[in-house]
Amino acid sequence: MLCLTRSILIRHVSQKKGGFQGVNSFLADSSSGNLKSFRLGFRETPVASVEQENNRLDFFKEMKLRFLNFKKHKYLEEVEHFQNLAELQSPKFMVIACVDSRVCPCNILGFEPGEAFMVRNVANLVPSFEKGPTETNAALEFAVNTLQVENIFVIGHSNCAGIQALMSMKNNSSSFVEKWVGTAEVARLRTEAQASHLSFDQQCKHCEKEAINLSLHNLLSYPWIKERVRKQLLCIHGGYYDFVNCTFQKWTLDTTETTTFSSKAFQFWFSVFSMAP
C-alpha cells in the first residue's frame, strides 16, 4: 500500500489531465468517493482507505503514549542518569542480535539505556575480517576500539528465517538476503555433515547454533579484537533464545583452544511458572 501526499497527487494529475482544471476534476472525484486508485506510470497504485489511515494514526497515538509513559516513569525519575548518558556512554556489552521483531534483546534480557552497544542484522551474523567492511564490523570497531566494551555477545534464536534461507539457498542467488546469509556457508556445511539425518526444521535449529559459534570464531579474525582477548580485556559470548519455550542458553568462547571450537561456562536459563489456561 502506497500512501501519497496531496501535493504529489496534484502534481501527477495536473500532468495527466491538463493543468489545474484536471486537478479540480480529480479532487472532485476523490471527494465524492469515486476514486479507488490512480495510474502512476504503468502501475496501478491503490490509495489507502480512510480506515487504514486511521489504524495507522492510532498506532502512532499508542507510540506517543508509550513515549510519554517512558518519559514520566523512566526518564524523569532517573533524569541525572540520562543527563550523564547524554554526555558519555560507556557500555560493558557489544550485542549482535537478529533483526527479527520477536527477539529484541532489550526486552528479553532487560538491557537498560547505556548498558549495551548494539547492532542487529539478518541471522545475527559476524562476517570474517577478510570479507571486508559491513555495518556490523563498523559497529564492532567502534565498540571495541573507542568504547572499549568488555564483552561481545552474539545472540541467536529459534525459528530464524535467515537461517532457513541459508539452509535452503541455491547457488548464484541474486537475493540480498541469501547473499548476506551466505557468509555463514560454513555453518550450513557443518550442519549438513552432522545432522543430515534430521528433518529440515531440526537441521535449521542445529544451524542456528552453528552460525552463532561461527560468528564467535569470526570475531577472532579481527586483529583488534584478538589482541584485547589475548590481554584478557575482552570476552566473547554466545547466546540462544528459544522463544517457543522461552528458554535461554549462554556460553563463553574458550580462547585457549585455537584449532577447534570450545565453549565454557555454559548456562541454561529457565524457570517454571504457572500459566493461565
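What is the handedness of the crossing of α9 and α10? In this predicted model, the crossing of these two helices is right-handed. Helix α9 spans residues 185-195, and its axis comes within 8 Å of that of α10 at a crossing angle of roughly 135°. The angle makes α9 oblique to α10. On the α9 side, the contact is made by Val186, Ala187, Arg188, Arg190, Thr191, Gln194 and Ala195, and on the α10 side by Gln203, His206, Cys207, Glu210, Ala211 and Leu214. By class, six residues of this contact are nonpolar, four are polar and three are charged.

Helix α10 (residues 200-219) also meets helix α7 (residues 161-168), with axes that come within 9 Å and cross at roughly 110°. Because angles of 65 to 115 degrees count as roughly perpendicular, α7 is assigned as roughly perpendicular to α10. Helix α7 contributes Ile163, Gln164, Leu166, Met167 and Ser168 to the contact, while α10 contributes Phe200, Gln203, Cys204, Cys207, Glu208 and Ala211. Seven nonpolar, three polar and one charged residues make up the contact of α7 with α10.

The largest cavity holds about 30 Å³ of space. Its lining consists of Ala123, Asn124, Gly156, His157, Cys160, Ile163, Glu208 and Ala211. At least two of the lining residues come from β5 (151-157), and at least two from α10. Four residues of the lining are nonpolar, three are polar and one is charged. Among the lining residues are Ile163, Glu208 and Ala211, which also take part in the contact between α7 and α10.

Conventions. Residues are numbered from 1 along each chain as its sequence is written. This is a predicted model: local features need pLDDT of at least 70, side-chain atom pairs count only at pLDDT 80 or more; totals for chains, interfaces and linings use all residues. Side-chain values use heavy atoms; hydrogens and water are left out. Axes are lines fitted to C-alpha atoms, for helices over the stretch in contact, and angles run from 0 to 180 degrees between N-to-C directions. Helices (H or I, at least four residues) and strands (E, at least two) are DSSP runs, numbered from the N terminus. Angles under 35 degrees count as roughly parallel, over 145 as roughly antiparallel, 65 to 115 as roughly perpendicular and the rest as oblique. Contact means heavy atoms within 4.5 Å. Ala, Val, Leu, Ile, Met, Phe, Trp, Tyr, Cys and Pro count as nonpolar, Asp, Glu, Lys and Arg as charged, and the others, Gly among them, as polar. A crossing is left-handed if the near helix is turned anticlockwise from the far one by less than a right angle, and right-handed if clockwise. On a 1 Å grid over the protein atoms alone, a cavity is a set of points where a 1.4 Å probe fits but cannot get out, and a pocket is an open set with protein on both sides within 12 Å along at least five of seven lines; lining residues have an atom within 4 Å of a point. Grid points are joined across faces, edges and corners, and a volume is the space filled by probe spheres set on the points.
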